[in-house]
Amino acid sequence: MKKPVIIIGAGLSGLYAASLLTAAGVDYQIIESRNRIGGRVLTETAASAGFDLGPTWFWPEHEPIITELTKKLGLKTFPQHTTGQLLFEQSKSDPAQRHSLPTNSIERSERIVGGVQSLIEAIASTIPDQTIELNTRVTNILINEAGAITVSSVKSSGDTHSIEAESVILALPPRLIHNISFSPDLPQIPDLPTLMAGQAKVVAVYDQPFWREAGLSGQAMSWVGPLQEIHDASPETGAGALFGFFSLSADQRRELGQEKIRLLVIEQLTRLYGEEAGQPAALLYKDWSLDADTATDQDGRPLTDFPQYQPIQIDGEWNEKLMFAGTETSATSGGHLEGALWSAERAVKQVLQRK
């Protein structure tokens with residue numbers, strides 16, 4: 001029996017790698033610890049629309065892979081709304097300042113109708129269902145004296161399983177590989193912070209984007225918080241939505257608790273956008289620092305600069321047997337959806353070169 005390629009992680013990078021291997025006629029198996037596919041792509045439904053609590057947009061002028069892939073998969077996209085004035089909040093006691101940004105000062109980004117989960121589902125439709133094992137955590141990967149690779153895993157039920165592999169694609173944040181035992185030991189790999197792992201995101205959903213009627217874009221910057229950056233998250237038609245990133249650190253959010261954070265968010269949105277903003281139809285919240293399938297203790301430390309992501313090359317006995325994928329391992333658009341796709345293409349190319 002032919003040994004499959006094992007892909008660890010069913011996020012965007014892992015699924016896209018599987019889709020490319022399917023097209024190449026290569027056997028594989030995906031192992032995913034979550035009870036769902038998508039990884040850090042998380043789209044929740046409210047007011048009959050999908051809202052992203054993970055990555056939200058892409059930049060078609062600079063990101064050709066995701067631009068072409070959405071077209072190939074027949075996905076509809078629409079421009080991120082930026083028309084109108086930006087709010088700048090310096091204190092709670094003074095009204096937020098309104099600023100008109102210069103024309104073309106904001107680079108055009110695109111969003112996917114239905115949320116980024118639509119991309120995940122479209123890619124998943126190109127691969128056989130039986131190739132994905134959910135609720136399964138890889139525990140050990142070893143190379144025996146004959147050079148054969150064995151991947152051992154445990155299901156959430158407690159059942160264990162081992163499978164021989166042709167090679168392994170690690171499609172998960174590099175920091176999470178420390179949850180897996182390797183024999184022989186891996187050489188030291190770069191410490192690459194996990195995108196969004198220390199962050200939380202909130203989306204306030206309304207019946208309509210009422211702030212646009214007041215000449216506002218939905219964008220806001222705040223020195224006060226708890227949200228330091230706010231954007232329009234409305235779908236192409238219908239409901240309105242605002243999403244924000246927090247100025248609070250992971251430790252501060254954990255100390256406050258989710259209910260207190262929600263109250264502070266509503267208070268801030270009311271200050272900025274008026275009483276109507278204080279009555280959302282839904283308030284969606286995801287703290288990625290509390291997600292064990294995303295974050296480690298290291299990721300709780302706030303980042304001061306955007307990380308310099310890069311491919312990871314493994315030498316020694318693991319060379320050509322273990323490949324990294326995932327947006328943190330992409331030199332091109334690292335940290336973006338495009339980076340996840342680029343790294344998957346690179347990993348699959350390495351697999352096919354061994355054939």
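Student: Which residues is Ser109 in contact with, leaving aside its neighbours within four places in sequence?
Tutor: Ser109 is in contact with Trp57, Phe58, Trp59, Pro60, Phe78, Pro79 and Gln80, where contact means heavy atoms within 4.5 Å. The structure is a predicted model, in which local features need pLDDT of at least 70 and side-chain atom pairs count only at pLDDT 80 or more, while totals for chains, interfaces and linings use all residues. Residues are numbered from 1 along each chain as its sequence is written, and side-chain values use heavy atoms, with hydrogens and water left out.

Student: Where does Ser109 lie?
Tutor: Ser109 lies in the loop between strand 8 and strand 9 (110–112). Strands (E, at least two residues) and helices (H or I, at least four) are DSSP runs, numbered from the N terminus.

Student: Is Ser109 buried or exposed?
Tutor: Ser109 has a relative accessible area of 7%, so it is buried. Buried means under 20% relative accessible area, exposed means over 50%, and partly exposed is in between, with a 1.4 Å probe and protein chains only.

Student: Let us turn to the whole protein. How many helices and strands does the secondary structure come to?
Tutor: The secondary structure comes to six helices and 21 strands. Buried residues make up 54% of the 355 residues. Among contacts between residues at least 6 apart in sequence, 69% join residues at least 24 apart.

Student: And what does the C-alpha trace span along its principal axes?
Tutor: The C-alpha trace spans about 70 × 45 × 35 Å. The radius of gyration is 22 Å, which agrees with the value near 20 Å that a compact globule of 355 residues would have. That radius is taken over C-alpha atoms, and the globule rule is 2.2 Å times the number of residues to the power 0.38.

Student: What is the order of the seven strands that form an open sheet?
Tutor: The order is 8-7-17-18-19-16-20, and the pairing is mixed. The edge strands are strand 8 (97–99) and strand 20 (282–287), each pairing on one side only. Two strands pair if DSSP finds at least two bridges between them. Neighbouring strands of this sheet are turned by 20 degrees against each other on average, direction ignored. For such angles, axes are lines fitted to C-alpha atoms, for helices over the stretch in contact, and the angles run from 0 to 180 degrees between N-to-C directions.

Student: Why is strand 17 described as largely enclosed by the rest of the structure?
Tutor: Strand 17 (residues 216–222) is so described because six of its seven residues are buried.

Student: How many bridges join strand 17 to strand 7, and how many to strand 18?
Tutor: Strand 7 (residues 85–89) is joined to strand 17 by four bridges, and the two run parallel. Here Leu87 has Ala220 of strand 17 as its bridge partner. Two bridges join strand 17 to strand 18 (residues 227–232), which run antiparallel. There, Met221 has Glu229 of strand 18 as its bridge partner. The hairpin of strand 17 and strand 18 has four residues between the strands, and Gly225 in this hairpin takes a positive phi near 85 degrees.

Student: What about strand 20: which residue in it does Val205 stand opposite?
Tutor: Val205 stands opposite Ala282 in strand 20. Strand 16 (residues 200–206) and strand 20 run antiparallel and are joined by six bridges.

Student: A change of topic, then. Where is the place of Asp299?
Tutor: Asp299 has its place in the loop between strand 20 and strand 21 (322–325). Its relative accessible area is 5%, so Asp299 is buried.

Student: With which side chain does the side chain of Asp299 make a polar contact?
Tutor: The side chain of Asp299 makes a polar contact with the side chain of Arg175 at 2.5 Å. A polar contact is a pair of N or O atoms within 3.5 Å; within protein, one must be able to donate a hydrogen and the other to accept it, and residues adjacent in sequence count only if both atoms are side-chain atoms. Asp299 and Arg175 are 124 residues apart in sequence, and 9.0 Å apart in space, C-alpha to C-alpha. The side chain of Asp299 also reaches the backbone nitrogen of Thr194 at 3.3 Å.
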